[in-house]
Amino acid sequence: ADLDAAGFEWVSTRQCGSAFMTSFRQLRDLYDRTGASDPLEPGSDLEVWADAQRKAAAKGKLSKERLDYLRSIEFRFAADPPSSPSSPSSSSSSSVGPSD
């Protein structure tokens with residue numbers, strides 16, 4: 001049988017539909033729009049997914065491929081908020097050493 005004559009599609013138009021890739025694409029879209037790789041809506045499905053990725057990474061349960069995907073959008077693996085280097089609150093207000 002001639003596959004071309006039968007209308008066989010040689011290039012898939014489908015994207016990977018795994019739960020990881022579906023959520024990753026949503027987070028990548030957010031990153032592309034805002035530069036942020038943290039979901040902006042507390043309690044959203046995407047935030048729950050991102051927290052699950054952090055926990056899985058901490059336990060060494062994410063594949064290198066998935067880690068690479070997340071790193072490509074500057075995903076924060078630590079759960080604490082990022083500090084802004086230009087923010088005055090990012091420097092320590094208490095200094096180590098003698099005080100007057």
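Phe24 is buried, with a relative accessible area of 2%, where buried stands for under 20% relative accessible area, exposed for over 50% and partly exposed for values in between, computed with a 1.4 Å probe on protein chains only. The model is predicted, so that local features need pLDDT of at least 70 and side-chain atom pairs count only at pLDDT 80 or more, while totals for chains, interfaces and linings use all residues. Residues are numbered from 1 along each chain as its sequence is written, and side-chain values use heavy atoms, with hydrogens and water left out.

The rings come next. Across the whole structure, a search finds five aromatic pairs, a pair being two rings of Phe, Tyr or Trp (for Trp, its six-membered ring) whose centres lie within 6.5 Å, with planes under 30 degrees apart counted as stacked, over 60 as edge-to-face and the rest as tilted. Phe20 and Phe24 form a stacked pair, 6.2 Å centre to centre and with 5 degrees between the planes. Because Phe20 and Phe24 are four residues apart in helix α1 (residues 19-34), about one helical turn separates them; helices here are DSSP runs of H or I with at least four residues, strands are runs of E with at least two, and both are numbered from the N terminus. Phe20 and Phe24 are both buried.

Phe24 also pairs with Tyr69 in a tilted arrangement, 5.2 Å centre to centre and with 55 degrees between the planes. This pair links distant parts of the chain, since Phe24 belongs to helix α1 and Tyr69 to helix α3 (residues 64-71), 45 residues apart. Tyr69 is partly exposed, with a relative accessible area of 29%. Ring pairs join Phe20, Phe24, Trp49 and Tyr69 into a cluster.

In soluble globular proteins, nonpolar side chains tend to be buried together.

Two further residues complete the picture. Ile73 touches Phe24, Leu27, Arg28, Tyr31 and Ser37, not counting residues up to four places away in sequence, contact meaning heavy atoms within 4.5 Å. Gln53, which lies in helix α2 (residues 45-58), is buried with a relative accessible area of 9%, and, again leaving aside residues up to four places away in sequence, Gln53 touches Phe20, Leu62, Leu70 and Phe75.
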